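Hi,

Here is the structure I promised to pass on. Have a look at it first, and my notes follow below.

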Amino acid sequence: MTLRLPHNMRSWLFNALLCANLAACNDNQTTPPPAAATPTPVAAPLATAQNSPTTTSLPAPFALAQQKNCVVCHSISSKMVGPSWISVSERYRNDNNAVNTLTTRILNGGSGTFGAVVMPPQTANLTPEEAKYLAQWVLTLK
Ligand code: HEC
């Protein structure tokens with residue numbers, strides 16, 4: 001006699017793994033997990049989908065900022081190690097060249113605009129396209 005996992009439990013497990021990877025399944029709650037279904041260390045084939053950010057389809061800007069660790073030093077609305085991005089946006093509000101200026105500043109880092117603390121260069125972390133995308137987004141913040 002063999003112990004068989006009921007089919008519905010297997011599909012629940014699959015869904016749980018899927019949700020853990022996509023982190024976007026909150027609005028689709030199905031039945032709660034059966035108590036016996038402890039997480040099993042199954043290799044998740046879906047993880048590869050996130051590993052290669054192509055330059056043609058960038059993630060949402062804040063997600064990219066998180067992924068690139070900008071949020072270690074910045075938040076949208078409060079000053080941390082770096083200025084809040086709203087204060088950056090305010091400072092450049094009337095600057096027609098702001099996208100270029102900030103793209104360059106994001107890539108090269110620097111100091112002196114908001115204080116003496118230095119932002120480290122991000123050239124190893126970001127493509128110029130990603131830097132421009134983040135600069136454009138920061139400038140939309142209010
Ligand atoms: C180690 C901390 C740190 C990290 C990581 C960091 N920054 Fe900064 N950032 C700073 C500091 C400090 C300043 C202020 C520099 C100044 O006063 O000129 C700054 C300034 C900026 C500015 C304004 C530049 C200017 O000239 O006005 C932008 C935009 C910015 N950061 C975006 C980002 C983005 C996007 C990332 C992630 C790719 C990032 N930062 C990562 C610390 C950091």
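To get your bearings, in which loop does phenylalanine 114 lie? Phenylalanine 114 sits in the loop between H4 and H5. Helices (H or I, at least four residues) and strands (E, at least two) are DSSP runs, numbered from the N terminus.

Two notes before the rest. Residues are numbered from 1 along each chain as its sequence is written. Please keep in mind that this is a predicted model, in which local features need pLDDT of at least 70 and side-chain atom pairs count only at pLDDT 80 or more, while totals for chains, interfaces and linings use all residues.

The overall fold

The protein has 5 helices and 0 strands, and along the sequence the pattern reads α-α-α-α-α. Of its 142 residues, 11% count as buried. Here a residue is buried if 20 or more other C-beta atoms lie within 10 Å of its own, exposed if 12 or fewer, and partly exposed in between, with C-beta atoms placed from the backbone. Among the contacts with a separation of 6 or more, 54% join residues 24 or more positions apart. Two residues are in contact if their C-beta atoms, placed from the backbone, lie within 7 Å.

Around the ligand

There are 28 residues around the ligand, and Cys70, Cys73, Gly82, Phe114 and Met119 come nearest. A residue counts as near if its C-beta atom, placed from the backbone, lies within 6 Å of the molecule or strand in question. Two elements give two or more residues to this shell, namely helix H4 (98-108) and helix H5 (128-140). H4 gives the most, with 3 residues.

By type, the shell divides into 16 nonpolar, 10 polar and 2 charged residues. In that count, Ala, Val, Leu, Ile, Met, Phe, Trp, Tyr, Cys and Pro are nonpolar, Asp, Glu, Lys and Arg are charged, and the others, Gly among them, are polar.

The UniProt record, an unreviewed entry, lists Cys70, His74 and Met119 under "binding site". These three are spread over 50 residues of sequence, yet they cluster in space, with a largest C-alpha distance of 10.4 Å. UniProt positions are given in the numbering used here, feature names are shortened, and annotations may be inferred rather than shown by experiment.

Taking some of these residues in turn:

- Cysteine 70 is in the loop between helix H2 (61-67) and helix H3 (85-91). It counts as buried because it has 21 C-beta neighbours inside 10 Å.
- Methionine 119 is in the loop between H4 and H5, and its 19 C-beta neighbours inside 10 Å make it partly exposed. Leaving aside neighbours within four places in sequence, methionine 119 is in contact with Gly82, Gly109, Gly110 and Ser111. Methionine 119 and cysteine 73 are 46 residues apart in sequence, but 8.8 Å apart in space, C-alpha to C-alpha.
- Phenylalanine 114 is partly exposed, with 14 other C-beta atoms within 10 Å. Its C-alpha atom is separated by 9.4 Å from that of serine 87, 27 residues apart along the chain.

The core and H4

The largest nonpolar core has 12 residues, including Cys70, Trp85, Leu102, Ile106, Tyr133 and Val138. H3, H4 and H5 are the elements that give two or more residues to this core, and the largest share, 5 residues, comes from H5. Such a core is a set of buried Ala, Val, Leu, Ile, Met, Phe, Trp, Tyr and Cys residues joined through C-beta atoms within 7 Å. Tyrosine 133 also touches Leu58 and Pro61, not counting residues up to four places away in sequence.

In H4, the buried residues are Leu102, Thr103, Ile106 and Leu107. Viewed down the axis of H4, they fall within an arc of 135°, so they line one face of the helix. The arc is that of the directions from the helix axis to the C-beta atoms. What covers these buried residues of H4 includes H5.

Two backbone details

After H4 comes glycine 109, with a positive phi near 70°. Asparagine 69 has a positive phi too, near 65°, in a residue other than glycine. Most residues other than glycine have a negative phi. Asparagine 69 is in the loop between H2 and H3 and is exposed, with 11 other C-beta atoms within 10 Å.

Best wishes
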